[in-house]
Amino acid sequence: MKTKEILHSFSVEINSLRHEAATTYQELKVGYFSPFEGALLLQKIFDANQKQPELKIKITEESIEHLISDVSLGILDLAFILDYGEQEFLTKNLTNKSIFQSKMVIGVSKLNPLSSGSVFPLTALKEKPILYYGPEKTNYLKHAFLATLPEAYQNLPVARISTIEQMQILVSSNQANAYYPDGLLQPTNSTNEKIKYLPLEGNNSAQNYHVQAIYQKNTEKKKLIHQFLS
């Protein structure tokens with residue numbers, strides 16, 4: 001009896017695999033850098049699955065450098081990255097489409113008197129550590145941020161934090177400041193109530209950012225990618 005049950009289970013599994021193999025579907029392997037771009041990606045996935053229920057999407061979170069490399073090598077079909085400052089992030093076989101743009105802002109605790117102002121003073125950048133989020137070890141955003149500042153501010157204590165939650169706690173408790181992509185902050189996050197997000201004093205155009213969708217120029221999935229991004 002036990003042998004029959006095993007054989008029956010094996011038969012069911014084989015038939016399931018045959019059915020899956022016979023079912024035609026399309027697949028996209030997509031990467032993103034942080035929960036900020038992840039919010040945009042989630043909406044794209046939701047919209048795409050409404051139009052194409054058979055579309056399978058595999059998702060991964062990586063550093064910007066890792067995403068660029070994986071798309072260039074064909075490990076990923078598409079990636080959403082934060083393009084901040086004058087960065088040369090595309091390799092020769094990649095192209096991009098801007099899907100969102102706004103400005104970077106500085107997050108400061110409402111315990112800090114600076115939170116009552118309308119801008120974050122440049123001089124205040126030297127008062128506390130400045131944090132940025134990165135799921136893996138990455139200097140991309142640090143270098144991009146410093147490149148927007150005057151020479152006198154090139155040695156600021158800028159550090160990566162590996163979880164958004166930890167970064168929000170440190171900023172909320174006035175232990176650090178951080179920079180964020182305005183327009184992608186989640187209003188439902190309880191720590192947001194304790195943080196004021198201010199534009200940086202000075203040349204605001206230097207703080208512009210884009211969320212770029214990057215993919216190979218000659219990918220066989222170009223039509224599918226364009227449909228996904230539309």
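I started at Leu 224, which sits in helix 6. Helices here are DSSP runs of H or I with at least four residues, strands are E runs of at least two, and both are numbered from the N terminus. The model is a predicted one, where local features need pLDDT of at least 70, side-chain atom pairs count only at pLDDT 80 or more, and totals for chains, interfaces and linings use all residues. Residues are numbered from 1 along each chain as its sequence is written, and side-chain values use heavy atoms, with hydrogens and water left out.

**Leu 224**

Is Leu 224 buried or exposed? It is buried, because its relative accessible area is 7% and buried means under 20% (exposed is over 50%, partly exposed in between, with a 1.4 Å probe and protein chains only). I then looked up its contacts, meaning heavy atoms within 4.5 Å. Leaving aside neighbours within four places in sequence, Leu 224 touches Gln 26, Glu 27, Leu 28, Gln 52 and Leu 55. Leu 55 is 169 residues away from Leu 224 along the chain, yet their C-alpha atoms are separated by 9.6 Å.

**Whole chain**

The protein chain has six helices and nine strands. Of its 230 residues, 42% count as buried. Among contacts with a separation of 6 or more, 79% are between residues 24 or more positions apart. The accessible surface is about 12,600 Å², and carbon and sulfur atoms hold 53% of that. Those areas come from the Shrake-Rupley method with a 1.4 Å probe; for residues, only the protein chains shown count as cover.

**Leu 78 and strand 3**

I moved to Leu 78, which is in strand 3. It counts as buried because its relative accessibility is 0%. Apart from neighbours within four places in sequence, its contacts include Lys 29, Val 30 and Gly 31, then Val 71, then Ala 213, Ile 214 and Tyr 215. Ile 225, Phe 228 and Leu 229 are also in contact with Leu 78. Ile 225 is 147 residues from Leu 78 along the chain, with 7.6 Å between the C-alpha atoms.

Which strands pair with strand 9? Strand 3 (78-84) is joined to strand 9 (208-216) by six bridges, and the two run antiparallel. Strand 4 is joined to strand 9 by nine bridges, also antiparallel. Pairing requires at least two DSSP bridges between the strands.

**The core**

Which residues have the most contacts inside the largest nonpolar core? They are Phe 80, Leu 125, Phe 145, Tyr 179, Tyr 180 and Phe 228, in a core of 67 residues. The largest share, six residues, comes from strand 3. A nonpolar core here is a set of buried Ala, Val, Leu, Ile, Met, Phe, Trp, Tyr and Cys residues joined through side-chain atoms within 4.5 Å. I checked Tyr 180 by itself: beyond four places in sequence, its contacts include Phe 36, Met 104, Met 167, Leu 185 and Tyr 197.

In helix 3 (residues 64-73), the buried residues are Ile 64, Leu 67, Ile 68, Asp 70 and Val 71. They cover an arc of only 170° around the axis, so they are on the same side of helix 3; the arc is taken from the directions from the helix axis to the C-beta atoms. They pack against strands 1, 3, 4 and 9 and helix 4. Gly 74 follows helix 3 and has a positive phi, near 85°.

Helix 4 has Tyr 140, Leu 141, Ala 144, Phe 145 and Leu 146 buried. Their cover includes helix 3 and strands 3, 4, 5, 6 and 7.

**Loops**

Asn 174, between helix 5 and strand 7, has a positive phi of about 65° although it is not a glycine. Most residues other than glycine have a negative phi.

Thr 219 lies between strand 9 and helix 6, and it is buried because its relative accessible area is 15%. Its side chain reaches the backbone nitrogen of Lys 221 at 3.1 Å.

Ser 205 lies in the loop between strands 8 and 9. It is partly exposed, because its relative accessible area is 44%. Ser 102 is 103 residues away from it in sequence, and 9.8 Å away in space, C-alpha to C-alpha.

Technical notes:
Polar contact = N/O pair within 3.5 Å; in protein donor to acceptor, adjacent residues only side chain to side chain.
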